[in-house]
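Here are my notes for when you next open this one.

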Amino acid sequence: MARIVMKFGGTSVADLDRIHNVARHVKREVDAGHEVAVVVSAMSGKTNELVGWVQNMPKVAGSNAPFYDAREYDAIVASGEQVTSGLLAIALQSMGINARSWQGWQIPIRTDNAHGAARILDIEGAEIIRRMGEGQVAVVAGFQGLGPDNRLATLGRGGSDTSAVAIAAAVKADRCDIYTDVDGVYTTDPRIEPKARRLKKIAFEEMLEMASLGAKVLQVRSVELAMVHKVRTFVRSSFEDPDAPGMGDLVNPPGTLICDEEEIVEQEVVTGIAYAKDEAQISLRRLSDRPGVSAAIFGPLAEAHINVDMIVQNISEDGSKTDMTFTVPSGDVDKALRVLGDNKEKIGYDVIQSEAGLVKVSVIGIGMRSHAGVAASAFRALADKGINIKAITTSEIKISILIDGPYAELAVRTLHSAYGLDKS
């Protein structure tokens with residue numbers, strides 16, 4: 001017998017038939033004698049609809065400023081998960097399974113006060129553990145917790161993944177199964193490279209890099225939590241037949257295991273290729289090369305909640321001037337230009353330039369730590385295809401390369417082949 005947390009995303013609970021299919025997955029684990037908690041997202045598209053209602057209400061009420069209280073935003077958008085948890089509990093009860101729904105405040109899941117993007121501080125899992133020990137399935141509304149002001153607080157988009165991993169850590173689950181519309185983590189996006197392979201195992205660090213660099217399988221914060229608390233996490237497909245052979249395998253179910261590096265015996269040099277579209281590059285020309293200039297640039301951007309990624313600095317031959325180039329999401333480029341314009345005198349640049357529509361392609365693998373020449377292979381492969389590199393950043397286990405948007409798919413396929421990831 002094991003203790004398992006199962007999480008189902010929006011496409012998995014999109015309608016009543018799919019919720020019934022989820023109940024069949026849960027029943028399989030219950031019938032095997034496991035203690036089970038389930039975390040659910042809102043039905044597909046529901047959160048977007050609720051967010052739209054929030055954003056349009058001030059306009060309908062005649063307000064020129066689209067202002068709304070973030071606490072009320074949370075109260076509204078959290079209702080989607082409440083509906084799903086109740087429906088799944090009813091489905092399980094109809095199948096003869098003892099189940100009840102739990103809202104974030106009932107557990108409670110304690111968060112900070114950053115409504116709309118709250119972070120989990122603590123989970124009081126004793127009551128859920130007791131109920132699971134008595135054979136009751138806990139169906140938990142994901143994405144939500146209880147802030148210090150005793151108001152509902154949501155965890156940001158994709159927060160149900162974080163809810164599931166946090167609950168798995170709190171109840172000391174043997175594993176956390178993240179069910180989604182894909183059957184695992186692949187070496188790259190199969191829609192771009194049909195030869196992409198599903199990985200049997202991937203280390204926490206690699207998955208964290210892949211999630212932060214463009215892979216959409218898991219939310220970044222959920223991987224961070226899993227790594228900190230060493231929660232063994234499986235990515236699985238909710239669309240496979242719940243009773244298909246192997247689906248009830250406790251040790252090696254179908255999907256991809258995200259685990260500690262020590263569990264991976266044969267580690268490839270490169271594990272996968274990730275990409276992120278809609279990157280923008282901003283360059284500040286002829287800055288004075290003096291202490292504090294970087295703080296003058298990136299401090300105001302941080303205060304404006306603009307995420308800066310790749311940073312390249314070039315210093316003139318005489319050392320008096322420097323150019324600073326960095327990337328931001330394309331959606332933030334106008335905001336970033338305004339912030340930098342407002343601080344031009346303090347920063348002291350001559351010219352500001354920007355370019356949108358770029359793509360960041362990343363090569364990821366913990367095997368890079370002990371192998372030389374990984375970066376050179378990437379640069380050579382891209383050069384052979386006539387792809388120009390605009391910027392490069394590296395870490396122990398990743399290389400990120402900025403290129404023009406139209407070359408994105410070619411670059412992904414080229415690098416995927418260059419490292420032999422298309423070979424079984």
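1. A word on the basis. This is a predicted model, so to speak of local features we need pLDDT of at least 70, and side-chain atom pairs count only at pLDDT 80 or more, while totals for chains, interfaces and linings use all residues. Residues are numbered from 1 along each chain as its sequence is written, and side-chain values use heavy atoms, with hydrogens and water left out.

2. Start with the largest nonpolar core, which has 38 residues. (Such a core is a set of buried Ala, Val, Leu, Ile, Met, Phe, Trp, Tyr and Cys residues joined through side-chain atoms within 4.5 Å; buried means under 20% relative accessible area, exposed over 50%, partly exposed in between, with a 1.4 Å probe and protein chains only.) Val5, Ile107, Ile128, Val140, Ile167, Cys176 and Met207 touch the most other members. Elements giving two or more residues to this core include β2 (35-40), α5 (126-133), β6 (137-141) and α6 (159-170). (Helices, H or I with at least four residues, and strands, E with at least two, are DSSP runs numbered from the N terminus.)

3. Next, Leu284, in strand β13 (residues 272-288). Is Leu284 buried or exposed? Buried, with a relative accessible area of 0%. Leu284 and Ile264 sit 20 residues apart in sequence and 44 Å apart in space, C-alpha to C-alpha.

4. On to charges: the structure holds 33 salt bridges (a side-chain nitrogen of Lys or Arg within 4 Å of a carboxyl oxygen of Asp or Glu). Glu224 and Arg119 make one of them, at 3.8 Å, N to O. This pair links distant parts of the chain, 105 residues apart: Glu224 is in helix α8, Arg119 in the loop between β4 (109-111) and β5 (120-123).

5. Glu205 pairs with Arg369, with the closest N and O atoms 2.7 Å apart. Glu205 is partly exposed at 30% relative accessibility, and so is Arg369 at 36%.

6. Lastly, Lys423 and Asp422 form a salt bridge at 4.0 Å, N to O. Salt bridges that share partners also join Arg28, Glu29, Arg175, Asp177 and Arg236 into one network.
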